[in-house]
Amino acid sequence: RSAEGVEALKALGAEAHQLDLTDAGAVAGLGWKLAGESFDVAIHNAGVIGPRTEGAQPIAQQDFDAVMHTNVLGPMMALPMLLPFVETGNHGRGGVLAVLSSRMGSIGGMDSNGAWMYRISKAAANAVLKSVSLDARHAICVALHPGWVQTDMGGPNADLTPQQSVAGMRRTLAGLTQNENGSFHNYDGT
């Protein structure tokens, strides 16, 4: 998200690219930069929470635009661009394409309407993932709930450390089968 973050990733040995996922030109540019690559695993994790509302209440247009552009338009542009690179992953057998979602985006499981703009955006992101999964021929596409994690968004009182969440998501991604294409998983595999 920042030049400092990109440099920190590069210092770890990663190839890092900074872009605005709501900018069609930037997403297309990344596609050109990645030409010829294959991914065993690609995880789309960009997201913002927006207003932390309590209950269903009117949302300001600028808040709607910021949350929906990042959490819905971003994956709508990035996931179709990434899918071909994941289709050729794992030596042509297909890799895994995941979007970090949230159980807050579950319609059937919704038992609170706090931060409702975020909830609605994650329900839409789940639909984006499901739609992209229908185009997958070799890749396995899934939505992942990382749990309530001690991050900038989750806060210090969250249930899980980032290490616990990531370890669980890695196990879950490694154990997926083709029958789970288009599905939603908790970090612990459920």
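Q: Leaving aside neighbours within four places in sequence, which residues is Leu-83 in contact with?

A: This is a predicted model, and what follows is read from its coordinates. Beyond four places in sequence, Leu-83 meets Leu-97, Val-132, Asp-135, Ala-136, Ala-139 and Cys-141.

Q: Which nonpolar core has Leu-83 among the residues with the most contacts inside it?

A: In soluble globular proteins, nonpolar side chains tend to be buried together. Here Leu-83 belongs to the largest nonpolar core, which has 26 residues. Leu-79, Met-81, Leu-97, Leu-129, Val-132 and Cys-141 are also listed with the most contacts inside that core.

Q: Which elements each supply at least two residues of this core?

A: Helix 2, helix 3, strand 2, helix 4 and strand 3 (140–145) do. Helix 3 gives the largest share of this core, 11 residues. Another core, of 9 residues, lies apart from it; Val-96, Ala-98, Met-169 and Leu-176 are among its members.

Q: How many aromatic pairs does a search of the whole structure find?

A: The search returns 1 aromatic pair. The ring centres of Phe-39 and Phe-85 are 6.0 Å apart and the planes stand at 65°, so this pair is edge-to-face. The cut-off that matters is an angle over 60 degrees. In general, a pair of aromatic rings is described by the distance of the centres and the angle of the planes.

Q: Where in the chain do the two partners of the pair, Phe-39 and Phe-85, sit?

A: Phe-39 is in the loop between helix 2 (24–33) and strand 1 (41–44), while Phe-85 is in helix 3 (residues 61–87). The partners are 46 residues apart, and the pair links distant parts of the chain.

Q: Is Phe-85 buried or exposed?

A: Phe-85 is buried, because its relative accessible area of 11% is under the 20% cut-off. Phe-39 has 21% relative accessibility and therefore counts as partly exposed.

Q: How should I read a loop residue, and where is the place of Ser-102?

A: Take its position, its burial and its contacts in turn. Ser-102 is placed in the loop between strand 2 (96–100) and helix 4 (116–133). At 4% relative accessibility this serine is buried. The Ser-102 side chain reaches the backbone nitrogen of Met-104 at 2.9 Å. With residues up to four places away not counted, Ser-102 touches Tyr-118, Lys-122, Asn-126, Leu-144, His-145 and Phe-184.

Q: And where is Gly-182 found?

A: Gly-182 occupies the loop between helix 5 (162–174) and strand 4 (183–186). The relative accessible area of Gly-182 is 17%, so this glycine is buried.

Q: What is the radius of gyration of the protein, against that of a compact globule?

A: A compact globule with 190 residues would have a value near 16 Å; the protein has 16 Å, so the two agree. The C-alpha atoms fill a box of roughly 50 × 35 × 30 Å along the principal axes. Buried residues make up 40% of the 190 residues. Of the contacts with a separation of 6 or more, 66% are between residues 24 or more positions apart.

Conventions. Residues are numbered from 1 along each chain as its sequence is written. This is a predicted model: local features need pLDDT of at least 70, side-chain atom pairs count only at pLDDT 80 or more; totals for chains, interfaces and linings use all residues. Side-chain values use heavy atoms; hydrogens and water are left out. Helices (H or I, at least four residues) and strands (E, at least two) are DSSP runs, numbered from the N terminus. Buried means under 20% relative accessible area, exposed over 50%, partly exposed in between (1.4 Å probe, protein chains only). A polar contact is a pair of N or O atoms within 3.5 Å; within protein, one must be able to donate a hydrogen and the other to accept it, and residues adjacent in sequence count only if both atoms are side-chain atoms. Contact means heavy atoms within 4.5 Å. Rings of Phe, Tyr and Trp (its six-membered ring) pair if their centres lie within 6.5 Å; planes under 30 degrees apart count as stacked, over 60 as edge-to-face and the rest as tilted. A nonpolar core is a set of buried Ala, Val, Leu, Ile, Met, Phe, Trp, Tyr and Cys residues joined through side-chain atoms within 4.5 Å. The radius of gyration is taken over C-alpha atoms; the globule rule is 2.2 Å times the number of residues to the power 0.38.
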